[in-house]
Amino acid sequence: MESLIAEATSYSKDENESLEVRAQKALECPCVANLRKGPCGTQFTDAFLCFMKSTSEEKGSDCVHPFVALQDCIKTYPDAFSEDIIGDNISKKEVDKATVQDYKFIPPRWSVKAKQQIS
Amino acid sequence: MDCQNISSLISNFVDNFIDFTVCGIFLPQPTNPSPPPQTIFPSPPRLVAIGDFHGDYPKSTQAMTLAGILDPATHRWSGGSSFMVQVGDIFDRGGNEIKLIYLLHRLKHEATLAGGNLVTILGNHEVMNMNYDFRYVTREGLIEFERWGWWFKKGMDMKKLGGDEDVRDVFDGLPVSFEGVERKYWNGFRARMAALRPNGPIASRFLQDYKTVAVVGDSVFVHGGLLKEHVEHGLEKINSEVRDWIRGSPTTKTTKCPDYLLGGLSVVWLRKFSYGSNCDCEQLQSILSSIPGAARMVMGHTIQREGINSVCDNQALRIDVGLSKGCGNGIPEVLEITGGKEIRILTSNLLYRRSDPVPDKKKAEFLAPEVGVKA
(Lines give C-alpha, C1' and ligand atoms only; values in the text may rest on other atoms or scores of the structure.)
Protein backbone atom coordinates (compact mmCIF):
# COMPACT_ATOMS: atom_id res chain seq x y z
CA MET A 1 0.00 0.00 0.00
CA GLU A 2 2.77 2.42 0.85
CA SER A 3 4.30 2.05 -2.55
CA LEU A 4 0.93 2.67 -4.16
CA ILE A 5 0.52 5.86 -2.23
CA ALA A 6 4.02 6.93 -3.08
CA GLU A 7 3.34 6.16 -6.71
CA ALA A 8 0.06 7.98 -6.71
CA THR A 9 1.30 11.01 -4.88
CA SER A 10 4.51 11.31 -6.82
CA TYR A 11 2.87 11.31 -10.22
CA SER A 12 4.11 14.83 -10.64
CA LYS A 13 7.58 15.23 -11.94
CA ASP A 14 7.95 18.35 -9.89
CA GLU A 15 9.68 17.25 -6.72
CA ASN A 16 8.94 20.55 -5.11
CA GLU A 17 5.25 20.34 -5.58
CA SER A 18 3.75 20.66 -2.16
CA LEU A 19 1.60 18.02 -0.57
CA GLU A 20 -1.11 20.64 -0.57
CA VAL A 21 -1.07 20.90 -4.35
CA ARG A 22 -0.99 17.14 -4.76
CA ALA A 23 -3.91 16.74 -2.41
CA GLN A 24 -5.85 19.42 -4.29
CA LYS A 25 -5.20 17.68 -7.59
CA ALA A 26 -6.40 14.39 -6.15
CA LEU A 27 -9.58 16.10 -5.03
CA GLU A 28 -10.20 17.53 -8.48
CA CYS A 29 -10.22 14.09 -10.03
CA PRO A 30 -13.72 13.22 -11.32
CA CYS A 31 -13.77 9.95 -9.40
CA VAL A 32 -13.85 11.88 -6.15
CA ALA A 33 -16.81 13.97 -7.24
CA ASN A 34 -19.42 11.66 -5.76
CA LEU A 35 -17.79 11.78 -2.36
CA ARG A 36 -17.70 15.56 -2.41
CA LYS A 37 -21.42 15.70 -3.09
CA GLY A 38 -24.13 15.25 -0.53
CA PRO A 39 -24.57 16.42 3.03
CA CYS A 40 -21.07 15.37 4.19
CA GLY A 41 -19.19 16.44 1.09
CA THR A 42 -17.46 19.36 2.77
CA GLN A 43 -16.49 17.30 5.78
CA PHE A 44 -15.13 14.59 3.50
CA THR A 45 -13.08 17.13 1.55
CA ASP A 46 -11.58 18.62 4.70
CA ALA A 47 -10.74 15.27 6.24
CA PHE A 48 -9.31 13.81 3.03
CA LEU A 49 -7.20 16.92 2.35
CA CYS A 50 -5.86 16.91 5.87
CA PHE A 51 -5.01 13.21 5.68
CA MET A 52 -3.27 13.59 2.33
CA LYS A 53 -1.18 16.43 3.70
CA SER A 54 -0.40 14.70 6.95
CA THR A 55 3.27 14.12 7.54
CA SER A 56 2.87 12.64 11.01
CA GLU A 57 4.46 9.32 11.70
CA GLU A 58 0.98 7.99 12.35
CA LYS A 59 -0.54 9.45 9.24
CA GLY A 60 -3.70 11.39 10.00
CA SER A 61 -3.05 11.83 13.70
CA ASP A 62 -2.94 15.58 13.13
CA CYS A 63 -6.42 15.43 11.60
CA VAL A 64 -8.52 14.73 14.65
CA HIS A 65 -10.77 17.76 14.18
CA PRO A 66 -11.77 17.19 10.54
CA PHE A 67 -12.10 13.45 11.28
CA VAL A 68 -14.47 14.11 14.16
CA ALA A 69 -16.46 16.53 11.99
CA LEU A 70 -16.83 13.83 9.32
CA GLN A 71 -17.85 11.31 11.97
CA ASP A 72 -20.50 13.64 13.35
CA CYS A 73 -21.84 14.31 9.89
CA ILE A 74 -22.11 10.61 9.04
CA LYS A 75 -23.86 10.01 12.34
CA THR A 76 -26.38 12.71 11.42
CA TYR A 77 -26.71 11.54 7.80
CA PRO A 78 -26.06 7.79 7.85
CA ASP A 79 -26.81 7.50 4.13
CA ALA A 80 -24.52 10.34 3.13
CA PHE A 81 -22.29 8.06 1.10
CA SER A 82 -24.53 5.20 0.17
CA GLU A 83 -24.81 4.70 -3.55
CA ASP A 84 -28.60 4.66 -3.57
CA ILE A 85 -28.78 8.23 -2.38
CA ILE A 86 -26.35 9.49 -4.96
CA GLY A 87 -28.38 7.55 -7.51
CA ASP A 88 -25.62 5.73 -9.35
CA ASN A 89 -26.25 2.17 -8.75
CA ILE A 90 -29.55 0.98 -7.49
CA SER A 91 -29.15 -2.66 -8.37
CA LYS A 92 -28.81 -4.43 -5.08
CA LYS A 93 -27.00 -7.66 -4.89
CA GLU A 94 -29.14 -10.43 -3.61
CA VAL A 95 -27.45 -11.30 -0.40
CA ASP A 96 -28.25 -12.61 3.01
CA LYS A 97 -29.97 -15.67 1.72
CA ALA A 98 -28.05 -17.78 4.13
CA THR A 99 -29.85 -18.68 7.26
CA VAL A 100 -28.54 -19.18 10.70
CA GLN A 101 -28.87 -22.94 10.27
CA ASP A 102 -25.92 -22.84 7.90
CA TYR A 103 -23.70 -21.95 10.80
CA LYS A 104 -22.84 -23.58 14.03
CA PHE A 105 -23.70 -20.37 15.79
CA ILE A 106 -23.81 -20.44 19.59
CA PRO A 107 -25.25 -17.29 21.15
CA PRO A 108 -24.67 -16.27 24.76
CA ARG A 109 -27.56 -17.18 27.03
CA TRP A 110 -28.51 -13.55 27.79
CA SER A 111 -29.26 -12.91 24.11
CA VAL A 112 -31.72 -15.76 23.73
CA LYS A 113 -35.42 -14.99 23.89
CA ALA A 114 -37.05 -16.18 27.06
CA LYS A 115 -39.13 -19.25 26.30
CA GLN A 116 -42.87 -18.67 26.44
CA GLN A 117 -44.42 -20.00 29.56
CA ILE A 118 -46.60 -22.96 28.83
CA SER A 119 -49.12 -23.70 31.48
CA MET B 1 -3.31 10.97 -11.65
CA ASP B 2 -5.71 8.29 -12.76
CA CYS B 3 -8.80 7.11 -11.00
CA GLN B 4 -7.30 3.81 -9.95
CA ASN B 5 -4.59 5.57 -8.00
CA ILE B 6 -7.04 7.99 -6.51
CA SER B 7 -9.38 5.26 -5.40
CA SER B 8 -6.58 3.51 -3.57
CA LEU B 9 -5.73 6.79 -1.87
CA ILE B 10 -9.35 7.14 -0.87
CA SER B 11 -9.47 3.58 0.42
CA ASN B 12 -6.37 4.19 2.49
CA PHE B 13 -7.92 7.37 3.87
CA VAL B 14 -11.15 5.52 4.66
CA ASP B 15 -9.31 2.71 6.47
CA ASN B 16 -7.56 5.22 8.68
CA PHE B 17 -10.74 7.19 9.25
CA ILE B 18 -12.64 4.06 10.27
CA ASP B 19 -9.81 2.91 12.56
CA PHE B 20 -9.84 6.27 14.28
CA THR B 21 -13.61 6.25 14.54
CA VAL B 22 -13.80 2.75 15.94
CA CYS B 23 -10.94 3.00 18.40
CA GLY B 24 -9.85 6.60 18.71
CA ILE B 25 -6.30 5.83 17.69
CA PHE B 26 -4.28 6.05 14.50
CA LEU B 27 -2.49 2.90 13.53
CA PRO B 28 0.84 2.80 11.76
CA GLN B 29 0.63 2.37 8.00
CA PRO B 30 0.75 -1.31 7.08
CA THR B 31 3.98 -2.65 5.74
CA ASN B 32 3.81 -4.94 2.77
CA PRO B 33 4.48 -7.74 2.53
CA SER B 34 3.90 -8.90 6.08
CA PRO B 35 6.90 -10.67 7.56
CA PRO B 36 6.96 -14.46 7.50
CA PRO B 37 5.68 -16.05 10.69
CA GLN B 38 8.39 -16.61 13.27
CA THR B 39 8.08 -19.29 15.93
CA ILE B 40 11.51 -19.33 17.56
CA PHE B 41 13.08 -16.20 19.01
CA PRO B 42 16.51 -15.76 20.59
CA SER B 43 16.64 -15.13 24.32
CA PRO B 44 16.04 -11.42 24.98
CA PRO B 45 17.75 -9.48 27.80
CA ARG B 46 14.37 -9.01 29.45
CA LEU B 47 11.27 -11.10 28.86
CA VAL B 48 7.87 -10.35 30.37
CA ALA B 49 4.69 -12.39 30.04
CA ILE B 50 1.09 -11.63 30.92
CA GLY B 51 -1.96 -13.89 31.10
CA ASP B 52 -5.48 -13.61 29.73
CA PHE B 53 -6.98 -10.13 29.13
CA HIS B 54 -10.64 -11.01 28.43
CA GLY B 55 -11.86 -7.67 27.17
CA ASP B 56 -10.83 -5.69 30.25
CA TYR B 57 -8.96 -2.66 28.95
CA PRO B 58 -8.21 -0.91 32.27
CA LYS B 59 -6.91 -4.05 33.96
CA SER B 60 -4.94 -5.12 30.90
CA THR B 61 -3.21 -1.76 30.65
CA GLN B 62 -2.49 -1.94 34.39
CA ALA B 63 -0.81 -5.27 33.83
CA MET B 64 1.25 -3.94 30.94
CA THR B 65 2.26 -0.94 33.03
CA LEU B 66 3.31 -3.31 35.78
CA ALA B 67 5.34 -5.17 33.18
CA GLY B 68 7.17 -1.93 32.44
CA ILE B 69 6.28 -1.94 28.78
CA LEU B 70 3.40 0.56 28.73
CA ASP B 71 3.40 4.24 29.58
CA PRO B 72 0.18 4.55 31.61
CA ALA B 73 -0.37 8.16 30.52
CA THR B 74 0.02 7.74 26.77
CA HIS B 75 -0.52 4.00 26.36
CA ARG B 76 2.60 3.89 24.22
CA TRP B 77 5.34 1.25 24.37
CA SER B 78 7.80 2.13 27.13
CA GLY B 79 9.54 -1.21 27.29
CA GLY B 80 12.57 -0.36 25.16
CA SER B 81 14.20 -3.62 24.17
CA SER B 82 11.97 -5.73 26.40
CA PHE B 83 10.23 -8.72 24.85
CA MET B 84 6.63 -9.14 25.92
CA VAL B 85 4.36 -12.13 25.42
CA GLN B 86 0.64 -12.07 26.02
CA VAL B 87 -0.57 -15.65 26.22
CA GLY B 88 -4.01 -15.26 24.63
CA ASP B 89 -7.70 -14.77 25.36
CA ILE B 90 -8.20 -11.13 24.51
CA PHE B 91 -11.79 -11.94 23.62
CA ASP B 92 -14.96 -12.59 25.67
CA ARG B 93 -16.03 -11.73 29.21
CA GLY B 94 -15.42 -8.01 28.72
CA GLY B 95 -16.47 -5.13 26.52
CA ASN B 96 -13.20 -3.75 25.13
CA GLU B 97 -12.09 -6.52 22.82
CA ILE B 98 -11.54 -4.46 19.67
CA LYS B 99 -9.95 -1.70 21.68
CA LEU B 100 -7.40 -4.15 23.08
CA ILE B 101 -6.71 -5.70 19.69
CA TYR B 102 -5.97 -2.24 18.27
CA LEU B 103 -3.81 -1.22 21.22
CA LEU B 104 -1.74 -4.40 20.99
CA HIS B 105 -1.34 -3.86 17.27
CA ARG B 106 0.04 -0.38 17.80
CA LEU B 107 2.27 -1.56 20.63
CA LYS B 108 3.73 -4.28 18.42
CA HIS B 109 4.80 -1.65 15.94
CA GLU B 110 6.24 0.62 18.62
CA ALA B 111 8.05 -2.28 20.27
CA THR B 112 9.76 -3.19 17.01
CA LEU B 113 10.86 0.41 16.49
CA ALA B 114 12.30 0.47 20.02
CA GLY B 115 14.26 -2.73 19.46
CA GLY B 116 11.87 -4.78 21.56
CA ASN B 117 9.14 -7.19 20.63
CA LEU B 118 5.55 -7.99 21.45
CA VAL B 119 4.17 -11.40 20.65
CA THR B 120 0.53 -12.30 21.13
CA ILE B 121 -0.56 -15.90 21.48
CA LEU B 122 -3.87 -17.28 20.26
CA GLY B 123 -6.27 -18.38 22.99
CA ASN B 124 -9.26 -20.69 22.95
CA HIS B 125 -11.60 -17.69 23.08
CA GLU B 126 -10.13 -16.31 19.87
CA VAL B 127 -10.67 -19.71 18.26
CA MET B 128 -14.22 -19.96 19.63
CA ASN B 129 -15.18 -16.59 18.24
CA MET B 130 -13.71 -17.35 14.83
CA ASN B 131 -15.92 -20.44 14.88
CA TYR B 132 -19.04 -18.43 15.87
CA ASP B 133 -19.09 -19.84 19.38
CA PHE B 134 -20.25 -16.71 21.17
CA ARG B 135 -21.19 -18.24 24.51
CA TYR B 136 -18.98 -15.94 26.55
CA VAL B 137 -19.65 -12.73 24.66
CA THR B 138 -20.88 -9.87 26.85
CA ARG B 139 -23.50 -7.26 25.96
CA GLU B 140 -20.83 -4.58 25.98
CA GLY B 141 -18.64 -6.68 23.72
CA LEU B 142 -21.49 -7.15 21.29
CA ILE B 143 -22.18 -3.40 21.25
CA GLU B 144 -18.52 -2.73 20.45
CA PHE B 145 -18.76 -5.05 17.43
CA GLU B 146 -22.12 -3.67 16.34
CA ARG B 147 -20.60 -0.21 16.29
CA TRP B 148 -17.58 -1.52 14.41
CA GLY B 149 -19.86 -3.13 11.84
CA TRP B 150 -21.89 0.03 11.36
CA TRP B 151 -18.80 2.09 10.65
CA PHE B 152 -17.11 -0.58 8.59
CA LYS B 153 -20.16 -0.60 6.34
CA LYS B 154 -19.95 3.19 5.99
CA GLY B 155 -16.33 2.75 5.01
CA MET B 156 -17.27 0.21 2.35
CA ASP B 157 -19.82 2.68 0.96
CA MET B 158 -17.24 5.46 0.81
CA LYS B 159 -14.71 3.24 -0.93
CA LYS B 160 -17.25 2.15 -3.53
CA LEU B 161 -18.25 5.72 -4.15
CA GLY B 162 -14.60 6.61 -4.55
CA GLY B 163 -14.30 4.14 -7.39
CA ASP B 164 -12.74 1.19 -5.61
CA GLU B 165 -14.12 -1.71 -7.56
CA ASP B 166 -12.54 -4.36 -5.39
CA VAL B 167 -14.45 -3.53 -2.23
CA ARG B 168 -15.31 -6.82 -0.64
CA ASP B 169 -18.65 -7.13 1.05
CA VAL B 170 -17.44 -8.51 4.36
CA PHE B 171 -21.02 -9.32 5.37
CA ASP B 172 -21.57 -11.43 2.29
CA GLY B 173 -23.52 -14.59 2.98
CA LEU B 174 -24.06 -13.89 6.66
CA PRO B 175 -27.55 -14.20 8.09
CA VAL B 176 -29.45 -11.01 8.86
CA SER B 177 -31.68 -12.70 11.40
CA PHE B 178 -30.99 -15.19 14.15
CA GLU B 179 -33.87 -17.36 15.15
CA GLY B 180 -34.46 -17.51 18.88
CA VAL B 181 -32.17 -14.57 19.55
CA GLU B 182 -33.55 -11.20 20.62
CA ARG B 183 -33.88 -8.96 17.60
CA LYS B 184 -31.91 -6.07 19.11
CA TYR B 185 -28.78 -8.22 19.08
CA TRP B 186 -28.94 -9.37 15.45
CA ASN B 187 -26.75 -6.63 14.01
CA GLY B 188 -24.16 -7.18 16.70
CA PHE B 189 -23.87 -10.90 16.02
CA ARG B 190 -23.76 -10.34 12.29
CA ALA B 191 -20.94 -7.82 12.71
CA ARG B 192 -19.06 -10.12 15.07
CA MET B 193 -19.28 -12.96 12.58
CA ALA B 194 -18.16 -10.73 9.72
CA ALA B 195 -15.20 -9.36 11.66
CA LEU B 196 -13.90 -12.57 13.13
CA ARG B 197 -14.61 -15.35 10.65
CA PRO B 198 -11.51 -16.52 8.82
CA ASN B 199 -10.61 -13.85 6.27
CA GLY B 200 -12.88 -11.37 8.12
CA PRO B 201 -11.40 -7.88 8.50
CA ILE B 202 -10.31 -8.20 12.13
CA ALA B 203 -9.20 -11.80 11.78
CA SER B 204 -7.14 -11.28 8.67
CA ARG B 205 -5.73 -7.94 9.68
CA PHE B 206 -4.91 -8.56 13.32
CA LEU B 207 -5.43 -12.14 14.47
CA GLN B 208 -3.34 -13.66 11.71
CA ASP B 209 -0.34 -12.23 13.58
CA TYR B 210 -1.21 -14.20 16.70
CA LYS B 211 0.91 -17.27 17.23
CA THR B 212 -0.35 -20.57 18.52
CA VAL B 213 3.03 -21.29 20.05
CA ALA B 214 6.22 -19.28 20.48
CA VAL B 215 9.61 -20.31 21.79
CA VAL B 216 11.50 -17.36 23.24
CA GLY B 217 14.93 -18.32 24.47
CA ASP B 218 14.29 -21.38 26.61
CA SER B 219 10.63 -20.58 27.34
CA VAL B 220 7.77 -22.11 25.39
CA PHE B 221 4.61 -19.98 25.33
CA VAL B 222 1.25 -21.52 24.60
CA HIS B 223 -2.28 -20.73 25.76
CA GLY B 224 -3.34 -24.15 27.11
CA GLY B 225 -0.33 -26.40 26.81
CA LEU B 226 1.54 -28.70 24.49
CA LEU B 227 1.42 -32.46 24.32
CA LYS B 228 3.93 -34.72 22.63
CA GLU B 229 1.72 -35.10 19.56
CA HIS B 230 1.67 -31.33 19.06
CA VAL B 231 5.44 -31.13 19.17
CA GLU B 232 5.63 -34.04 16.76
CA HIS B 233 3.27 -32.25 14.39
CA GLY B 234 5.80 -29.42 14.35
CA LEU B 235 5.55 -26.07 16.10
CA GLU B 236 6.33 -24.03 12.99
CA LYS B 237 3.85 -26.08 11.05
CA ILE B 238 1.16 -25.42 13.65
CA ASN B 239 1.76 -21.67 13.49
CA SER B 240 1.70 -21.62 9.75
CA GLU B 241 -1.41 -23.81 9.39
CA VAL B 242 -3.32 -21.75 11.93
CA ARG B 243 -2.28 -18.57 10.19
CA ASP B 244 -3.53 -19.94 6.88
CA TRP B 245 -6.84 -20.80 8.51
CA ILE B 246 -7.23 -17.33 10.03
CA ARG B 247 -6.27 -15.55 6.85
CA GLY B 248 -8.59 -17.65 4.79
CA SER B 249 -8.42 -16.93 1.15
CA PRO B 250 -10.39 -14.45 -0.86
CA THR B 251 -10.61 -16.84 -3.78
CA THR B 252 -11.01 -20.30 -2.36
CA LYS B 253 -13.11 -21.55 0.48
CA THR B 254 -11.49 -21.09 3.84
CA THR B 255 -9.64 -24.04 5.23
CA LYS B 256 -10.98 -25.95 8.16
CA CYS B 257 -10.06 -25.03 11.72
CA PRO B 258 -7.17 -27.36 12.62
CA ASP B 259 -8.15 -30.19 15.00
CA TYR B 260 -5.38 -29.36 17.44
CA LEU B 261 -7.26 -26.13 18.27
CA LEU B 262 -10.43 -27.95 19.26
CA GLY B 263 -11.28 -29.97 22.34
CA GLY B 264 -9.95 -30.42 25.84
CA LEU B 265 -6.59 -31.83 24.77
CA SER B 266 -5.91 -29.11 22.22
CA VAL B 267 -3.11 -26.58 22.52
CA VAL B 268 -5.54 -23.80 23.43
CA TRP B 269 -7.70 -25.82 25.85
CA LEU B 270 -5.30 -28.12 27.70
CA ARG B 271 -5.24 -27.81 31.50
CA LYS B 272 -3.08 -30.82 32.24
CA PHE B 273 -0.16 -28.78 33.54
CA SER B 274 -2.23 -26.03 35.09
CA TYR B 275 -4.21 -27.53 37.96
CA GLY B 276 -2.89 -27.49 41.52
CA SER B 277 0.44 -28.93 42.53
CA ASN B 278 -0.18 -32.42 41.21
CA CYS B 279 1.37 -32.19 37.83
CA ASP B 280 2.77 -34.96 35.70
CA CYS B 281 6.28 -33.57 35.77
CA GLU B 282 7.70 -36.56 33.98
CA GLN B 283 5.40 -36.10 31.03
CA LEU B 284 6.12 -32.38 30.97
CA GLN B 285 9.85 -33.02 31.11
CA SER B 286 9.58 -35.43 28.24
CA ILE B 287 7.63 -32.92 26.12
CA LEU B 288 10.05 -30.11 26.89
CA SER B 289 13.03 -32.29 26.06
CA SER B 290 11.60 -32.85 22.60
CA ILE B 291 11.72 -29.09 21.90
CA PRO B 292 15.32 -28.02 21.31
CA GLY B 293 16.56 -25.73 24.07
CA ALA B 294 13.25 -25.61 25.95
CA ALA B 295 13.43 -25.41 29.74
CA ARG B 296 9.89 -24.38 30.65
CA MET B 297 6.33 -24.06 29.42
CA VAL B 298 4.50 -20.82 30.15
CA MET B 299 0.72 -21.10 29.98
CA GLY B 300 -2.43 -19.05 30.44
CA HIS B 301 -6.01 -20.32 30.22
CA THR B 302 -6.47 -21.76 33.69
CA ILE B 303 -7.04 -19.12 36.35
CA GLN B 304 -4.59 -19.26 39.24
CA ARG B 305 -6.41 -17.73 42.19
CA GLU B 306 -3.23 -17.57 44.24
CA GLY B 307 -1.43 -15.70 41.48
CA ILE B 308 1.33 -16.70 39.11
CA ASN B 309 2.96 -19.92 40.25
CA SER B 310 5.11 -22.74 39.05
CA VAL B 311 5.42 -26.47 39.52
CA CYS B 312 7.87 -29.15 38.44
CA ASP B 313 10.88 -27.08 39.39
CA ASN B 314 9.84 -24.08 37.30
CA GLN B 315 9.14 -26.18 34.23
CA ALA B 316 5.46 -25.28 34.24
CA LEU B 317 4.66 -21.62 34.81
CA ARG B 318 0.99 -20.76 35.12
CA ILE B 319 0.45 -17.07 34.56
CA ASP B 320 -3.29 -16.49 34.12
CA VAL B 321 -4.37 -14.59 37.22
CA GLY B 322 -7.89 -13.99 35.88
CA LEU B 323 -7.37 -10.26 35.88
CA SER B 324 -10.49 -9.36 33.91
CA LYS B 325 -13.48 -8.08 35.85
CA GLY B 326 -15.48 -10.57 33.84
CA CYS B 327 -13.70 -13.54 35.41
CA GLY B 328 -12.52 -12.93 38.92
CA ASN B 329 -11.05 -9.44 38.77
CA GLY B 330 -7.71 -10.87 39.86
CA ILE B 331 -4.75 -8.76 40.90
CA PRO B 332 -2.47 -8.14 37.91
CA GLU B 333 0.79 -10.07 37.95
CA VAL B 334 3.54 -10.37 35.40
CA LEU B 335 6.20 -12.98 34.83
CA GLU B 336 9.64 -11.56 34.25
CA ILE B 337 12.70 -13.45 33.07
CA THR B 338 15.92 -11.46 33.02
CA GLY B 339 19.04 -12.54 31.19
CA GLY B 340 17.31 -15.80 30.32
CA LYS B 341 17.81 -16.94 33.91
CA GLU B 342 16.34 -14.97 36.73
CA ILE B 343 12.64 -15.57 37.10
CA ARG B 344 10.55 -13.10 39.10
CA ILE B 345 6.90 -12.31 39.56
CA LEU B 346 5.96 -8.66 39.44
CA THR B 347 2.75 -8.04 41.30
CA SER B 348 0.29 -5.26 42.07
CA ASN B 349 -0.62 -7.14 45.22
CA LEU B 350 -0.29 -4.68 48.09
CA LEU B 351 1.01 -7.42 50.34
CA TYR B 352 4.31 -7.18 48.55
CA ARG B 353 4.73 -3.42 48.55
CA ARG B 354 8.07 -2.08 49.57
CA SER B 355 6.65 -0.17 52.53
CA ASP B 356 5.33 -3.38 54.00
CA PRO B 357 7.62 -5.35 56.19
CA VAL B 358 8.42 -8.31 54.02
CA PRO B 359 10.67 -10.95 55.46
CA ASP B 360 11.71 -12.27 52.08
CA LYS B 361 14.60 -10.24 50.72
CA LYS B 362 13.68 -10.85 47.13
CA LYS B 363 10.23 -9.44 47.61
CA ALA B 364 11.71 -6.11 48.60
CA GLU B 365 13.75 -5.57 45.46
CA PHE B 366 11.21 -4.10 43.20
CA LEU B 367 10.95 -1.56 40.48
CA ALA B 368 8.45 1.14 41.32
CA PRO B 369 6.49 2.06 44.44
CA GLU B 370 3.34 0.39 43.23
CA VAL B 371 5.10 -2.66 41.89
CA GLY B 372 6.05 -5.56 44.07
CA VAL B 373 8.10 -8.61 43.40
CA LYS B 374 7.25 -12.02 44.70
CA ALA B 375 9.91 -14.57 45.32
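Visitor: B:D164 is buried yet has no salt bridge, so how far away is the nearest side chain of opposite charge?

Guide: That side chain is B:K159, 5.6 Å away. A salt bridge is a side-chain nitrogen of Lys or Arg within 4 Å of a carboxyl oxygen of Asp or Glu. For charge, Lys and Arg count as positive and Asp and Glu as negative, while His and the chain ends are not counted. Buried means under 20% relative accessible area, exposed over 50%, and partly exposed in between (1.4 Å probe, protein chains only).

Before we go on: this is a predicted model, where local features need pLDDT of at least 70 and side-chain atom pairs count only at pLDDT 80 or more, while totals for chains, interfaces and linings use all residues. Residues are numbered from 1 along each chain as its sequence is written, chains are lettered from A and ligands numbered from 1 in the order in which they are written, and side-chain values use heavy atoms, leaving out hydrogens and water.

Visitor: Where does B:D164 lie, and which residues does B:D164 touch?

Guide: Look in the loop between α5 (139-161) and α6 (186-196) of chain B. Helices (H or I, at least four residues) and strands (E, at least two) are DSSP runs, numbered from the N terminus. Contact means heavy atoms within 4.5 Å. Leaving aside residues up to four places away in sequence, B:D164 touches B:S7, B:S11 and B:K159.

Visitor: Which side chain makes a polar contact with that of B:D164?

Guide: A polar contact is a pair of N or O atoms within 3.5 Å; within protein, one must be able to donate a hydrogen and the other to accept it, and residues adjacent in sequence count only if both atoms are side-chain atoms. Here the side chain of B:S11 is the partner, at 2.6 Å. A polar atom of the B:D164 side chain also lies 2.9 Å from the backbone nitrogen of B:D166.

Visitor: On to rings! How many aromatic pairs are there over all chains?

Guide: A pair of aromatic rings is described by the distance of the centres and the angle of the planes. Rings of Phe, Tyr and Trp (its six-membered ring) pair if their centres lie within 6.5 Å; planes under 30 degrees apart count as stacked, over 60 as edge-to-face and the rest as tilted. The whole structure has 25 such pairs. One of them is A:F67 with B:F13, edge-to-face, with 5.6 Å between centres and 90° between planes. This pair crosses between chains, from helix α5 (residues 64-76) of chain A to helix α1 (residues 3-23) of chain B. A:F67 and B:F13 are both buried.

Visitor: What about A:F105 and B:F178?

Guide: Their centres are 4.9 Å apart and their planes at 35°, so that pair is tilted. A:F105 lies in the segment after α6 (83-86) of chain A and B:F178 in the loop between α5 and α6 of chain B, so this pair joins two chains as well.
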